[in-house]
Amino acid sequence: MSPGYAAIAARNVRLGYAFRFLMDFGFWVGIWIKYLTSVRELELQYIFLMDMPFWLVMASLEAPFGALADRIGHSRVLAFGAAVYALTILGFGFTTNYWMLFADYMLWAIAGACRSGADQALIYDSLKQAGLESTFSRVAGRGFAITVAAGTSGVILGGILATVTSLAFTVQVSCLGPALACFIALAMVEPRVEHPPRRYIDHLVDGVTFAWREPRVRYTVLLSALIMMATFAPIVLVQPFLIEHDVATGLFGVYQAPLRIATVIAAVLAHRVALRAGDRAVLATACWGLVLGFLALALFDTRPAFVFFALPAVIQGIVRPTLDAYLNGHIPSDRRATVLSTSSLVLSVGLAFFEPTIGFIIDGVSLPAACAFVAIFFAITMPGSYLLWRRHDAPMPAVQPLA
């Protein structure tokens with residue numbers, strides 16, 4: 001292990017933590033649905049309908065931006081994405097109609113695609129260059145904990161800020177975090193990973209082909225997408241739940257903060273839990289735990305039932321670092337960002353249809369009906385995906401770069 005490479009890895013890890021915090025700290029996160037429906041008078045079902053083109057555009061850009069990051073440098077792509085994200089949030093703060101909202105969503109898709117896979121790839125390759133890749137699971141857990149901690153801080157302070165100023169101002173000022181993150185990304189040092197000279201299109205095709213033809217990677221990507229869809233569902237459901245049960249804006253953060261704190265604690269402990277229980281036990285428990293959590297929300301339509309959102313929050317904290325470490329361990333360095341972006345692509349395509357469906361069920365039927373739909377959907381899809389993944393979860397040699 002080279003001391004110089006170890007220092008670079010440590011520096012990139014610290015900057016990576018700072019980048020995550022600034023990108024995910026936003027006063028707007030906990031109040032944006034109420035802002036759009038109350039201040040801008042937009043309908044919930046049409047707000048969520050915007051997510052369909054958003055996720056599809058993001059899906060179409062995931063692998064290309066991942067390949068671009070592998071080609072020109074992850075830090076440059078991350079910096080560009082942060083700048084676009086800052087512009088996106090500022091646009092949300094001034095939007096007055098669906099067309100402006102649509103434009104903001106398209107910018108948001110570009111920003112998300114830039115970040116997808118590139119941040120993980122840079123950190124993992126930095127650690128691998130220093131011979132420290134075995135620590136990635138712990139770093140990923142801490143990084144995810146920082147992400148959730150940033151969101152928690154933003155949610156709490158955002159509710160207070162919205163009460164003493166306005167919902168619109170709270171959204172507008174949130175652009176400062178990503179703007180600073182742009183400079184943090186540029187300060188990262190690219191690891192010296194030898195990539196064979198290839199055309200951009202060949203690089204892209206090879207990365208996607210690798211993700212498809214390796215069964216262990218393919219089914220990990222599928223199972224990961226389903227679990228992340230399930231843990232994403234509370235983002236759609238929590239604020240409508242608080243609005244339906246007449247919770248004051250200033251208390252939005254008070255309600256949501258414990259969920260995020262639970263995720264932080266779970267993420268910090270994820271490495272130990274995975275080592276003791278094993279990946280199979282963690283993922284099987286996660287699948288059924290998510291189904292039971294949403295089923296409980298469907299059956300109990302009362303304010304105290306909000307506590308059931310804690311179940312997907314804890315599961316997200318444990319599973320996300322576990323899957324990240326598992327997937328990174330079986331991807332060659334020269335295709336890492338491309339393959340990780342392919343994983344995000346699958347998630348994006350699923351959310352393109354899943355999220356608007358939840359929105360229309362909430363507006364057209366009821367919130368409990370939307371929770372029941374989520375529970376039934378994952379009760380049908382998760383068991384088969386888990387069994388496919390487990391079937392191919394057998395010891396295999398470390399992945400080598402393709403010739």
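This is a predicted model: local features need pLDDT of at least 70, side-chain atom pairs count only at pLDDT 80 or more; totals for chains, interfaces and linings use all residues.
A search of the whole structure finds 3 cavities of 30 Å³ or more. The second largest cavity has a volume of about 160 Å³, and 16 residues form its lining, with Arg20, Asp119, Gln120, Ile123 and Val139 lying nearest the centre. At least two residues of this lining come from each of three helices, namely α1 (3-24), α7 (118-129) and α8 (136-164), and it is α1 that gives the most, with 5 residues. When the lining of the second largest cavity is divided by residue type, 10 residues are nonpolar, 3 are polar and 3 are charged.

The largest pocket has a volume of about 320 Å³. Its lining is made up of 16 residues, of which Ser137, Asp279, Thr322, Ala325 and Tyr326 lie nearest the centre of the pocket. Helix α8, which contributes to the lining of the second largest cavity, also supplies at least two residues to the lining of the largest pocket, as do α13 (252-277) and α15 (310-328). The lining of the largest pocket divides into 8 nonpolar, 6 polar and 2 charged residues.

The N-terminal end of α6 is capped by asparagine 97, a side-chain oxygen of which lies 3.0 Å from the backbone nitrogen of tryptophan 99. Several residues of α6 are buried, among them Leu101, Asp104, Tyr105, Trp108, Ala109 and Gly112. An α-helix has 3.6 residues a turn, so residues three or four places apart point the same way. Other buried residues of this helix include Met106, Ala111, Ala113, Cys114 and Arg115.

Glutamate 244 belongs to helix α12, which runs over residues 215-244. The relative accessible area of glutamate 244 is 39%, and the residue is therefore classed as partly exposed, since that class lies between the limits of 20% for buried and 50% for exposed residues. Once its neighbours within four places in sequence are left aside, glutamate 244 is in contact with Asp301 and Leu367. With leucine 87, by comparison, glutamate 244 has a separation of 157 residues in sequence and of 31 Å in space, taken from C-alpha to C-alpha.

Key:
Residues are numbered from 1 along each chain as its sequence is written. Side-chain values use heavy atoms; hydrogens and water are left out. On a 1 Å grid over the protein atoms alone, a cavity is a set of points where a 1.4 Å probe fits but cannot get out, and a pocket is an open set with protein on both sides within 12 Å along at least five of seven lines; lining residues have an atom within 4 Å of a point. Grid points are joined across faces, edges and corners, and a volume is the space filled by probe spheres set on the points. Helices (H or I, at least four residues) and strands (E, at least two) are DSSP runs, numbered from the N terminus. Ala, Val, Leu, Ile, Met, Phe, Trp, Tyr, Cys and Pro count as nonpolar, Asp, Glu, Lys and Arg as charged, and the others, Gly among them, as polar. Buried means under 20% relative accessible area, exposed over 50%, partly exposed in between (1.4 Å probe, protein chains only). Contact means heavy atoms within 4.5 Å. A polar contact is a pair of N or O atoms within 3.5 Å; within protein, one must be able to donate a hydrogen and the other to accept it, and residues adjacent in sequence count only if both atoms are side-chain atoms.
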